[in-house]
Amino acid sequence: MSDEQVRLAELRDEIDQIDQKLMELISARATCAQEVAHVKTTANPGQDVFFYRPEREAQVLRRIKEQNPGPLSGEEMARLFREIMSACLALEKPMHIAFLGPVGTFTQAAALKHFGHSVISVPLPAIDAVFREVESGAAHYGVVPVENSTEGMINHTLDMFMSSPLKICGEVQLRIHHHLLVSPKHKDQEITRIYSHQQSFAQCRQWLDTHRYGIERVTVSSNAEAARRAGAEPGSAAIAGDMAAELYGLEKLANSIEDRPDNTTRFLIIGREEVPASGHDKTSILVSMRNKPGALYQLLEPFHRHGLSLTRIETRPSPSGTWAYVFYIDFEGHMEGDQVCKVLAEVEDEAVELKRLGSYPIGVL
Ligand SMILES: O=C(O)C(=O)C[C@]1(C(=O)O)C=C[C@@H](O)C=C1
């Protein structure tokens, strides 16, 4: 055997022994999680038991990122633990996660990033269908897009909160890379039509105008549907992400064609219960104010006075009447905190209506 072969054999032997220990430790962790489930169930007989604990998961993942010794990056290590926790949770209770489908969309990628791969993911055709699935109890949680860094808010999601009793339980951000995709079967044919979702066309507008000017752009209901069509129709291409490309066996004609290199979409996790504080949280509310001078100042002033940082404010037309508005506000802090309680009490005094959409851990992954 050469020196190289001897050294490789030694190192592989070492890796085998480490893997054995890792396996034993992961199994011990999984047994612990089963015991946690037993404690939760026996402490709440006949009641709805919440096996998924977003605040605890956020604390675990934050600690892993902070204490990670390297050489793997904190993100990489957290991703591995994300999957371990996902498998442990599935042992406690398999989670049904509804998402804006079909299979292969960025929303599915966001759901898997947030919950890990050991969930049962349920694709639904529209944002309101995801809300309904969770409201009815058919799914434990739902995942819907809420804003994109290039294109702004997804108003349909915001508007759903006006009437839905659901709570926001978490958030997850996903870097969105779009590719120009074709079927390997038809790749020699001239492209006369490009399919994509309207948001993706908007996020790649400049690239398309420069590189594929004049080619027909056909808007479809999702990127995954665009990929499906490009796979079936000669002379067509799709703009979609990696998951859709893989699902329909498409090839990349051009990689990462989004106009802004930091193109990111934020998704919300919706559920039926409130989430306790994790130590690094955000709160979302909907507020409608009387239509009078200084109303917006009056709404925002308590946040400034109590030192609460606003991360977003959006205005939406109120369903109650013409020229009336509802403000959708995100800020740092948890509803269990003193400062947040004081601010919300003051806002409530002045508002026509205040709806607490939820406090939830700031995205870790
Ligand atoms: O700590 C809990 O409550 C658990 O159920 C354990 C555990 C874990 O594997 O660490 C699993 C699922 C929860 O979402 C959070 C954490």
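Guide: The largest cavity holds about 150 Å³ of space. This is a predicted model, in which local features need pLDDT of at least 70 and side-chain atom pairs count only at pLDDT 80 or more, while totals for chains, interfaces and linings use all residues. Residues are numbered from 1 along each chain as its sequence is written, and side-chain values use heavy atoms, without hydrogens or water.

Visitor: What makes a space a cavity and not a pocket?

Guide: On a 1 Å grid over the protein atoms alone, a cavity is a set of points where a 1.4 Å probe fits but cannot get out, whereas a pocket is an open set with protein on both sides within 12 Å along at least five of seven lines. Grid points are joined across faces, edges and corners, and the volume is the space filled by probe spheres set on them. The structure holds two cavities of 30 Å³ or more.

Visitor: Which residues line the largest cavity, closest to its centre?

Guide: Of its 16 lining residues (those with an atom within 4 Å of a point), Ala-58, Leu-61, His-114, Glu-171 and Val-364 are the closest to the centre. By class, the lining has ten nonpolar, three polar and three charged residues; Ala, Val, Leu, Ile, Met, Phe, Trp, Tyr, Cys and Pro count as nonpolar, Asp, Glu, Lys and Arg as charged, and the others, Gly among them, as polar.

Visitor: How many charged residues are in the lining of the largest pocket?

Guide: None: that lining divides into ten nonpolar, 16 polar and no charged residues. The largest pocket has about 480 Å³ of space, and Leu-100, Thr-107, Pro-145, His-197 and Gln-199 lie nearest its centre. Helix H7 (198–203) gives the most to this lining, with four residues. Helices (H or I, at least four residues) and strands (E, at least two) are DSSP runs, numbered from the N terminus.

Visitor: How many aromatic pairs are there by the rule?

Guide: The count comes to five. Rings of Phe, Tyr and Trp (its six-membered ring) pair if their centres lie within 6.5 Å; planes under 30 degrees apart are stacked, over 60 edge-to-face, and the rest tilted.

Visitor: Why is the pair of Phe-115 and Tyr-141 called tilted?

Guide: Their ring centres are 6.0 Å apart and their planes stand at 35°, so the pair is tilted. Phe-115 lies in helix H4 (residues 106–115) and Tyr-141 in strand S3 (residues 141–148), so the pair ties together parts 26 residues apart in sequence. Both Phe-115 and Tyr-141 are buried.

Visitor: What makes Phe-131 and Phe-161 an edge-to-face pair?

Guide: The centres are 5.2 Å apart and the planes at 75°, which is over the 60 needed for that label. The pair links distant parts of the chain, Phe-131 in helix H5 (residues 127–135) and Phe-161 in helix H6 (residues 155–163), 30 residues apart.

Visitor: How do you know whether Phe-131 is buried or exposed?

Guide: Buried means under 20% relative accessible area, exposed over 50%, and partly exposed in between (1.4 Å probe, protein chains only). Phe-131 has 0%, so Phe-131 is buried. Phe-161 is buried too, with 0%.

Visitor: Which residues of H6 are buried, and how do you know where they sit around the axis?

Guide: The buried residues of H6 are Thr-157, Leu-158, Met-160 and Phe-161. They cover an arc of only 155° around the axis, so they are on the same side of H6. The arc is that of the directions from the helix axis to the C-beta atoms.
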